[in-house]
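Hi everyone, thanks for coming. Today I'd like to walk you through one protein model and the two molecules that sit with it. Have a look at it on the screen.

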Amino acid sequence: MRMDIVREVPRLKPRPADGHKGTFGKVCIVAGSVGMAGAAALAGRAALRSGAGLVRVATARSALPTVAALEPCYTTIALPEDSAGRISGKAIGVILDAASQNDALAIGPGLGTSAGLRSVVGTLVQQDGLRLVIDGDGLNNLSRLPDWPGKHRAEVVLTPHPGEMKRLWSGLFREALPSDRQEAAGRMAQATGSVVAFKGAGTVVTDGRRAYVNSTGNPGMGTAGSGDVLTGIITALMGQGLACFEATVLGVYIHGAAGDIAADACGQISLTATDIIEALPEAFRKSHKRI
Ligand SMILES: NC(=O)C1=CN([C@@H]2O[C@H](COP(=O)(O)OP(=O)(O)OC[C@H]3O[C@@H](n4cnc5c(N)ncnc54)[C@H](O)[C@@H]3O)[C@@H](O)[C@H]2O)[C@@H](O)CC1
Ligand SMILES: Nc1ncnc2c1ncn2[C@@H]1O[C@H](COP(=O)(O)OP(=O)(O)O)[C@@H](O)[C@H]1O
């Protein structure tokens with residue numbers, strides 16, 4: 001598969017002196033469940049550290065007090081839940097309202113999987129004009145909807161790790177997942193009309209026409225919640241007006257750069273997803289000088 005290789009990492013425009021929180025994007029992150037409140041908080045905090053003017057985290061009602069207590073700077077939206085403490089299918093009305101009131105929406109970190117969540121994700125991909133990042137269990141729910149690419153109208157970014165990629169792939173193709181990561185990501189992007197960030201060492205970002213292979217990051221980032229942080233970063237960059245491909249390239253680059261700064265400070269063995277968030281300010285400052 002021939003794709004143009006992108007070597008330049010996009011950048012955010014300097015902030016206008018009279019900018020305010022409305023200028024820098026409102027984003028909503030639909031995430032978390034009882035037992036995985038942390039995933040929602042990590043994505044929300046990462047979005048704040050990545051410049052979103054307003055961050056709203058929409059989560060299952062029972063998980064909300066924990067999610068809210070983990071970070072004072074985002075607001076929260078309580079969603080109807082099922083008996084297992086996962087967001088239920090009845091939440092779709094509130095989520096569609098949030099979609100219409102925000103510049104970008106993410107769904108997935110820590111959701112769990114269920115028929116209700118499948119219908120929520122399936123409805124979101126059909127929303128014309130919605131800018132949507134799908135990660136984690138958002139992808140696991142999506143992979144059980146084999147006909148979704150034919151119906152989708154939203155601008156979609158998919159951020160699978162290799163396990164999620166396998167599930168997504170087997171829902172769409174008969175043949176095995178190609179071992180060439182660029183080939184796999186490129187075909188997934190073309191078949192679904194989405195931007196794909198196929199995560200792992202050397203994350204590949206592609207829209208099926210262009211491909212970027214990331215050089216930042218380290219094995220210390222193989223730690224729980226690291227991908228949830230990436231979701232928050234990309235969503236915030238989309239909220240600030242970057243197109244899906246550009247936001248994903250910059251997001252993947254900054255996430256890896258923050259992981260490298262964090263590994264310098266605390267070593268790859270002890271690195272946690274929280275350390276990646278704490279390193280985002282330095283990663284953004286350095287990238288503005290270097291890129
Ligand atoms: N604090 C929290 O609340 C956390 C919640 N999380 C959520 O937990 C849910 C399930 O996600 P998980 O990823 O844990 O479970 P999955 O079952 O989706 O994936 C785990 C498996 O994926 C494969 N895999 C992942 N990265 C790989 C790589 N680089 N190379 C090869 N294989 C790889 C491995 O087989 C691994 O066992 C998601 O919604 C996620 O957002 C996790 O992010 C962990 C932290
Ligand atoms: N060896 C590595 N080199 C560079 N980046 C890595 C490496 N291992 C993991 N990462 C990055 O860490 C993140 C892990 O995400 P993911 O597997 O979704 O974690 P989680 O589901 O726990 O949030 C991805 O962005 C991935 O690219």
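I'll start with an annotated site, then go to the ligands, and finish with one threonine.

Keep in mind as we go that this is a predicted model. So where does the record point us? The UniProt entry, which is unreviewed, lists a "binding site" made up of Lys 199, Gly 200, Ala 201, Gly 202, Thr 203 and Gly 227. Now, these residues span 29 positions in the sequence, but no two of their C-alpha atoms are more than 14.1 Å apart, so they gather at one spot. And Lys 199, Gly 200, Ala 201, Gly 202, Thr 203 and Gly 227 also belong to the lining of the largest pocket.

Let's zoom in on two of the glycines. Gly 202 sits in the loop that runs between β8 (195–198) and β9 (204–206). If we skip the neighbours within four places in sequence, Gly 202 is in contact with Arg 181, Val 213 and Asn 214.

The other one, Gly 227, is part of a helix, namely α9, which covers residues 226–239. Skipping sequence neighbours within four places again, Gly 227 is in contact with Asp 135 and Lys 199. You'll remember Lys 199 from the UniProt list.

On to the ligands, and I'll take ligand 2 to begin with. Which residues come nearest to ligand 2? There are 18 residues around it, and out of those it's Lys 199, Gly 200, Gly 225, Ser 226 and Gly 227. Let me show you some polar contacts. The backbone of Gly 225 has a polar atom 2.8 Å from an oxygen of ligand 2. For Ser 226, an N or O atom of the side chain is 3.1 Å from a ligand 2 oxygen. And for Thr 203, a side-chain N or O atom is 3.2 Å from an oxygen of ligand 2. On its own, ligand 2 has 580 Å² of accessible area, and the protein covers 77% of that.

Now ligand 1. This one has 16 residues around it, with Gly 110, Asp 137, His 161, Arg 167 and Asp 228 coming nearest. An oxygen of ligand 1 is 2.8 Å from a side-chain N or O atom of Asp 228. With Arg 167, a side-chain N or O atom is 2.9 Å from an oxygen of ligand 1. Taken alone, ligand 1 exposes 860 Å², and the protein buries 52% of that. Which elements give two or more residues to the shell around ligand 1? Those are α1 (37–49), α5 (136–142) and α7 (162–172). The largest share, four residues, comes from α7.

Last stop: Thr 235, which takes us back to helix α9. Its relative accessible area is 0%, so Thr 235 is buried. A polar atom of the Thr 235 side chain lies 2.6 Å from the backbone oxygen of Thr 231. Beyond its neighbours within four places in sequence, Thr 235 is in contact with Val 27, Ala 104, Leu 105, Ala 106 and Val 133.

Notes
Residues numbered from 1 in each chain as written. Chains lettered and ligands numbered in written order. Predicted model: local features only at pLDDT ≥ 70, side-chain atom pairs only at ≥ 80, totals over all residues. Heavy atoms only, no water. UniProt positions renumbered as here; feature names shortened; annotations may be inferred. 1 Å grid on protein atoms, 1.4 Å probe; cavity = no way out; pocket = protein on both sides within 12 Å on 5 of 7 lines; lining within 4 Å. Contact = heavy atoms within 4.5 Å. Near = heavy atom within 4 Å. Polar contact = N/O pair within 3.5 Å; in protein donor to acceptor, adjacent residues only side chain to side chain. Areas by Shrake-Rupley, 256 points an atom, 1.4 Å probe, with all protein chains shown as cover. Buried < 20%, exposed > 50% of the residue type's maximum accessible area, 1.4 Å probe, protein only.
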